[in-house]
Amino acid sequence: MVINLGRTLPMAQHVKGKRSAVTCHLKCANACAKGVCNTSGNGYFRDIVDAQLSRRALLGLGAAGAAAIVLAPSLAGQRAAASTGTAYAAVGETGAFGFAPIDPVAYTVDSFVVPEGFDWTPIIRWGDPLFADSPAFDALNQTPEAQARQFGYNVDYTDIIRTSATTAILFVNHEYTNENVMFPAEQLESDVERVRRVGLKAHGLSVVELTRTSETAPWTPVVGGALNRRFLDDTPYAFTGPAAGSELLRTVADPEGRTVLGTFGNCSGGTTPWGTILSGEENFDGYFRSSGLSEAEQRYGLADEETARGWENVDPRFDARTPGYENEPNRFGWIVEIDPTDPSSTPRKHTSLGRLKHEGANVIVAANGRVVAYTGDDERFDYLYKFVSRDTYVEGDRAHNMTLLENGDLFVARFSGDSPATEIDGSGTLPSDGGFGGSGEWLPLVVDGASAVDGMRVEEVLVHTRLAADRAGATKMDRPEDVQPHPTSGRVYVACTNNSDRGTEGKAGPDEVNPRTENRDGHIIEITEDGGDQTARTFGWTLLLVAGDPARNDSAYFSGFPVDEVSPISCPDNLAFDTAGNLWISTDGAPSTIGFNDGLFRVGLEGDQRGRVEQFLSVPREAETCGPVIHDDEWHVFVSVQHPGEDGSFEEQTSTFPDSMKQAPLSGAGGGTFAGPRPTVVQVMPVAAPSPTPTPTAEPTATPEPTPTATSTPTPTTTPSASPTATPTQAPTRAPSQTPVPSPSQSAAPSPGPDAPLSPTGGGVVGGLLAGAGALATAGLAFLARRKRENGQQPSETTDEV
């Protein structure tokens, strides 16, 4: 079978809780079953998570909160009842807009849940058309030619770059594919090559033009937009930097070692100050078969075994045992830079940032003008990196700025703690100084164009970066994923998703930066560069939060914020910020740890709100929350929903998201519908406020017709009661704050600077607005624009991203 699901999955007996063995198999090639790649003797950086479980009841956020959540139809076809509550509920002083935090949603519920006063709509789904010649989506008759002209599969890093009040550019990574829910069993068995080739085309990247009728209307894709583009397995990418042309990158198909086809395993990313996109190639090893004999191959998880998708059977470059293709795996594992404004541009892989399992990369311009990029290596016991550009940023010179990641210095982090070692006992109990923290240093790997690692040339350091970091003595961490510098404070936030191997037999035990054994829930690290200088060689650090459900985990920690006033959170993954300076966290793996669906959370960072975690949304069952985008000047939030219903099969789907829940914009324009899950980019926005019913005319008419009225209920808000799977949690209640709700942010996005190259492009609106969302796009959301005007704020027409 093409994805080897006909046999026992390698991780089936090893995953804990509700973690899916399918994810392990298809996303990261069963990395945990293969043992730890990092066998160096370096110190370990981890944190805090599962101590002993309490038998207290699950933490509840209150009856009002339970009544506030919005449940789409479940698999049983149940619908939530309407509520007559207020349109907006207060949460205090965090954030540029208020919402009542939702209760956590049980992992069995197949719904997309948002707060009271908000609604959601799909923007674009797997298989939706992108071009004028795109064929209609047909789940039963997929072809590689069709998929190449359609939106790809599992959506991850996402950005929506507004180019005017009514136009934008959407960028999305397509990380991997779930063939078990994409194809009927008969096709998986008997039409293997077609399935493999469709999967190849479903990977990669997408750029899509968006349009909307007003600032308060939902975005819809522009089919045939001038900027629309799919980056596929045969798209050429140019290598840049010191390793470009190295013998380590040469193959029989590319004897110069300067051009590679395709990008795979693209996870998170970032948008640069000059308007390009950075995409991280993460679990690339799962696409290649190799000899697995060399130290470098083993360090990157490459092995001599059949891959999950069997691409080595349709393209010899995926079998590194093939003469001439031994170096093909070395051509993946890079940070890729894409120009979404130029559909004819050649994307680039920057060797200066090193080769590893990049979650993504995010850039900040330091005070001295140098560009600093932070990136994490997403595997157990791997490292955190920093790149500092050789050249400086020039405002308005986009061509120059697009070269800044080609040359510079590369560093890896080493951490140390400042609490007495006797107080770090593995339980996660805070030391006497009241927190976990300390100092750190950035260890040089490449400086001024020369290797800083004994016995390794520059190109070896950059191609085999993990080996170089081992030799440098970096601190091992618990799957460092998204790393985001704060846009105003400059502090750096690192999401460490989890590491259940911490302190297990044969593995490193707890220490100051690894204070708890079996880290299943993850944590967030806050780094402050010395002197506030992002180019500094030393830094201070602290743990912002130690994730978990406080009702069951006594060691969960939220920077001192009361644990009975936070939403339970587990497995932090992607990070974003709003204009008020709050951190937003999307999660990946909460079902496996705390038994709830993954979601999106807002966290206060300052004052008495520091550490306050509030859940904003929950994704459907078996899905991961990816790519959060916060446009809080418009009260709009966007997420990508990855691998919904991944544990099902084509014949027995476990999720019907989104087609059974919401009609998508392109359903009637070639997008079709599907009785199974479709990875989707979703927009969340405020719903209509109650408005008076127009007074009927007193004059009789020949053919009386009912007078239309604007909806007076923001959205269904009570949970179904007939089915236990439709009820998020049974929990003690806690009333939400009744503080007056803040209005949308009064500070508009900054005006476009000289680097803003964008102008409105593309055709008109394709397809109608979502069915049932007419009030959302007219009377309802017009209320938001009216409220802006009443507050003296004009609708924004800026091009800058929040």
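Modeller: Buried means under 20% relative accessible area, exposed means over 50%, and partly exposed lies in between, with a 1.4 Å probe and protein chains only. Phe264, with a relative accessible area of 1%, is therefore buried. This is a predicted model, in which local features need pLDDT of at least 70, side-chain atom pairs count only at pLDDT 80 or more, and totals for chains, interfaces and linings use all residues. Residues are numbered from 1 along each chain as its sequence is written, and side-chain values use heavy atoms, with hydrogens and water left out.

Biologist: How many disulfides does the structure hold?

Modeller: A disulfide is a covalent bond between the sulfur atoms of two cysteines. The cut-off used here is a pair of cysteine sulfur atoms within 2.5 Å. The structure holds zero disulfides. Take Cys626: the closest cysteine sulfur, in Cys267, is 6.7 Å from its own sulfur, which is too far for a bond. Cys626 is buried at 0% relative accessibility, and Cys571 is buried at 0% as well.

Biologist: How many aromatic pairs does a search of the whole structure find?

Modeller: A pair of aromatic rings is described by the distance of the centres and the angle of the planes. Rings of Phe, Tyr and Trp (its six-membered ring) pair if their centres lie within 6.5 Å; planes under 30 degrees apart are stacked, over 60 edge-to-face, and the rest tilted. The search finds 35 aromatic pairs. One of them joins Phe118 and Phe616, edge-to-face, at 5.4 Å centre to centre and 80 degrees between the planes.

Biologist: Which parts of the chain does that pair link?

Modeller: Distant ones: Phe118 is in strand E1 (residues 118–125) and Phe616 in strand E28 (residues 613–618), 498 residues apart. Strands (E, at least two residues) and helices (H or I, at least four) are DSSP runs, numbered from the N terminus. Phe118 is buried at 1% relative accessible area, and Phe616 is buried at 0%.

Biologist: Why is the pair of Phe264 and Phe318 edge-to-face?

Modeller: The ring centres of Phe264 and Phe318 are 5.6 Å apart and the planes stand at 70 degrees, so the pair is edge-to-face. Phe318 is buried, at 1% relative accessibility.

Biologist: Which residues do ring pairs link into a cluster?

Modeller: The cluster consists of Phe97, Phe99, Phe118, Trp584, Phe616 and Trp635.

Biologist: What lies over the face of Tyr300?

Modeller: A charge sits over a ring if NZ of Lys or CZ of Arg is within 6 Å of the ring centre and within 35 degrees of the ring normal. Arg355 lies over the face of Tyr300, 4.2 Å from the ring centre. The charged end of Arg466 also sits over the Tyr300 ring, 5.2 Å from its centre.
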